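Visitor: I've got a model open on my screen and I'd like a quick tour. Can you walk me through it?

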Amino acid sequence: MPSTISASKSNPYTQWFKAFSAMTLAGGLFVGIMIALWFMQTPQGAPVAYSLQSLFAMNTVQAWWYITRAAGLMSYFLLWLSMVWGMVIPTKFFQGVVEGTFAYDFHEFLSLLGLGFVLLHVIVLMLDQYLPFSIAEITIPFIDSYRPLWVGLGIIGFYLFLLVTVTFYMRRTIGLKAFRAFHVLSIVGYLGATLHGLFAGTDSALPVAKFLYAGTFLIVSFLTVYWLVFGALAKREQASAEAARVMAQRRAHRPRQSHR
Ligand code: HEM
């Protein structure tokens, strides 16, 4: 997870303009969607609504199931990418290739986008007509009737990713040590999400899905080992540098022996 809010040097007017444009765009989109939805409910808009429903298969029972599966796979990929990106940042691999603040901001962006797709994944499950989930079933692990163990792991994974993200914004209050400890939980969250996707997912039988889970898991395993070794070496280097500094200090303060 990121450790920075980028120190943007652009002047306040540019920032206000950007914020204003983003708000106008989001507001315009929202109003546009509302008008389109209203129009499609009128007799004149009915043919448009029917064509759109047919185009996106929204008038079938499976439509919501497709959306939730697509959102699940997307959220898995984004959260994986965010984790991998975050693990690569301290290795200085991006140095000279990607600007420092961008690397952290992108990490933050990927996490938020991934969590957004998880929300879509679970909200659509509630709208599903074939196997609808209740609010209790999407928030309390292991109580649903559809593959409860594997769905439960997904719910726990989501809570862990959420905790990691929330503690990022609280890092000044909780301190660096606690922030890092919470961050490690994303690996546990990732394992939960992987088992969840693999064993709860309809698409897991497809070779492309198997390849996705195997490939992503191998990369995370490699980076975790690399990260542990890298961390241990860095600590050892720091300890020997500290020992050398103390020795040098002692030598400097030791009274000179006079030779007769
Ligand atoms: C970190 C959070 C989560 C991630 C990354 C995630 C990801 C995924 C993935 C990749 C799949 C497989 C999709 C497929 O094979 O088509 C899946 C399936 C599923 N997920 Fe999640 N999920 C998460 C959280 C949740 C939560 C909180 C629920 C709540 C109930 C949930 C319910 C389900 C269900 C019911 C399925 C089976 C859908 C199917 O048949 O494919 N997931 N999820």
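Visitor: What share of the 260 residues of the protein counts as buried?

Guide: This is a predicted model, where local features need pLDDT of at least 70, side-chain atom pairs count only at pLDDT 80 or more, and totals for chains, interfaces and linings use all residues. Residues are numbered from 1 along each chain as its sequence is written. A residue is buried if 20 or more other C-beta atoms, placed from the backbone, lie within 10 Å of its own. Of the 260 residues, the share that passes is 19%.

Visitor: How far apart are the centres of domain 1 and domain 2?

Guide: The domain assignment, automatic or from a database, gives domain 1 as 19-59 and domain 2 as 60-251. Taken over C-alpha atoms, their centres are separated by 33 Å.

Visitor: Which element gives the largest share of the shell around the ligand?

Guide: There are 29 residues around the ligand, with Arg 69, Gly 72, Gly 197, Gly 201 and Asp 203 coming nearest; being near takes a C-beta atom, placed from the backbone, within 6 Å. Two or more residues each come from α3 (63-88), α4 (100-127), α6 (148-169) and α8 (176-200). The largest share, seven residues, belongs to α3.

Terms used. Helix = DSSP H or I, 4+ residues; strand = E, 2+ residues; numbered from the N terminus. Buried ≥ 20, exposed ≤ 12 C-beta atoms within 10 Å, placed from the backbone.
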